[in-house]
Amino acid sequence: MADRAGLQGNYDPKELILMDADGKVVHTTETVRKSAKELLKDLGPQRLIANLGEGLGGKESPMLVNAFVNAIHEESEAMIAVSSSL
(Lines give C-alpha, C1' and ligand atoms only; values in the text may rest on other atoms or scores of the structure.)
Protein backbone atom coordinates (compact mmCIF):
# COMPACT_ATOMS: atom_id res chain seq x y z
CA MET A 1 0.00 0.00 0.00
CA ALA A 2 2.89 2.40 0.67
CA ASP A 3 3.60 2.61 -3.05
CA ARG A 4 0.04 3.63 -3.89
CA ALA A 5 -1.24 5.75 -1.02
CA GLY A 6 -0.09 8.42 1.35
CA LEU A 7 -0.45 8.27 5.10
CA GLN A 8 -1.19 11.02 7.55
CA GLY A 9 0.65 10.64 10.83
CA ASN A 10 -0.68 12.52 13.81
CA TYR A 11 2.10 13.65 16.10
CA ASP A 12 0.98 14.37 19.66
CA PRO A 13 1.27 18.14 20.22
CA LYS A 14 1.79 17.49 23.94
CA GLU A 15 5.32 16.44 22.94
CA LEU A 16 5.93 20.09 22.03
CA ILE A 17 5.13 21.53 25.46
CA LEU A 18 8.39 22.33 27.20
CA MET A 19 7.28 22.31 30.87
CA ASP A 20 4.60 20.65 32.92
CA ALA A 21 2.27 22.50 35.30
CA ASP A 22 4.94 22.44 38.02
CA GLY A 23 7.51 24.15 35.79
CA LYS A 24 9.53 20.98 35.30
CA VAL A 25 11.08 20.54 31.84
CA VAL A 26 9.46 17.43 30.36
CA HIS A 27 10.36 17.72 26.68
CA THR A 28 13.54 18.80 24.92
CA THR A 29 14.70 19.06 21.34
CA GLU A 30 16.25 15.60 21.83
CA THR A 31 12.98 14.01 23.02
CA VAL A 32 11.12 15.64 20.12
CA ARG A 33 13.66 14.32 17.60
CA LYS A 34 13.43 10.84 19.11
CA SER A 35 9.63 10.74 19.00
CA ALA A 36 9.53 12.22 15.47
CA LYS A 37 11.97 9.53 14.33
CA GLU A 38 9.74 6.87 15.90
CA LEU A 39 6.77 8.26 13.94
CA LEU A 40 8.79 7.98 10.74
CA LYS A 41 9.90 4.44 11.57
CA ASP A 42 6.33 3.39 12.30
CA LEU A 43 4.74 4.95 9.22
CA GLY A 44 7.62 5.20 6.77
CA PRO A 45 9.43 8.32 5.63
CA GLN A 46 7.91 8.52 2.16
CA ARG A 47 4.37 9.53 1.26
CA LEU A 48 3.81 10.67 4.84
CA ILE A 49 2.05 13.81 5.89
CA ALA A 50 3.48 14.45 9.34
CA ASN A 51 1.15 16.74 11.22
CA LEU A 52 -0.13 17.54 14.67
CA GLY A 53 -3.23 15.58 15.58
CA GLU A 54 -4.92 18.47 17.37
CA GLY A 55 -3.05 21.40 15.92
CA LEU A 56 -1.24 23.98 18.02
CA GLY A 57 -3.05 25.13 21.14
CA GLY A 58 -0.76 27.97 22.17
CA LYS A 59 1.19 26.21 24.93
CA GLU A 60 3.76 24.67 22.60
CA SER A 61 7.34 25.86 22.64
CA PRO A 62 8.36 27.50 19.34
CA MET A 63 11.79 25.92 19.85
CA LEU A 64 10.22 22.44 20.05
CA VAL A 65 7.91 23.07 17.10
CA ASN A 66 10.98 24.01 15.07
CA ALA A 67 12.77 20.90 16.34
CA PHE A 68 9.82 18.76 15.17
CA VAL A 69 9.79 20.25 11.67
CA ASN A 70 13.56 19.93 11.34
CA ALA A 71 13.58 16.38 12.69
CA ILE A 72 10.90 15.24 10.23
CA HIS A 73 12.82 16.73 7.30
CA GLU A 74 16.27 15.56 8.36
CA GLU A 75 15.36 12.10 9.62
CA SER A 76 13.11 11.31 6.65
CA GLU A 77 15.84 12.39 4.21
CA ALA A 78 18.33 10.16 6.00
CA MET A 79 15.95 7.17 5.99
CA ILE A 80 15.14 7.64 2.30
CA ALA A 81 18.85 7.89 1.44
CA VAL A 82 19.56 4.61 3.29
CA SER A 83 16.67 2.78 1.62
CA SER A 84 17.70 4.10 -1.80
CA SER A 85 21.21 2.75 -1.40
CA LEU A 86 20.01 -0.80 -0.67
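I take contact to mean heavy atoms within 4.5 Å, and I call a residue buried under 20% relative accessible area, exposed over 50% and partly exposed in between (1.4 Å probe, protein chains only). Helices (H or I, at least four residues) and strands (E, at least two) are DSSP runs, numbered from the N terminus.

The model is predicted, with local features requiring pLDDT of at least 70 and side-chain atom pairs pLDDT 80 or more, while totals for chains, interfaces and linings use all residues. Residues are numbered from 1 along each chain as its sequence is written, and side-chain values use heavy atoms, without hydrogens and water.

Entry 1, strands. I looked up the pairing of strand 1 (residues 7-11) with strand 2 (residues 48-52) and found a parallel arrangement joined by 5 bridges; pairing requires at least two bridges found by DSSP. Within this pair, Q8 stands opposite I49 of strand 2.

I then listed the buried residues of helix 2, among them L64, F68, I72 and M79. Their cover includes strand 1, helix 1 and strand 2.

Leaving aside residues up to four places away in sequence, E75 touches R33, K37 and L40.
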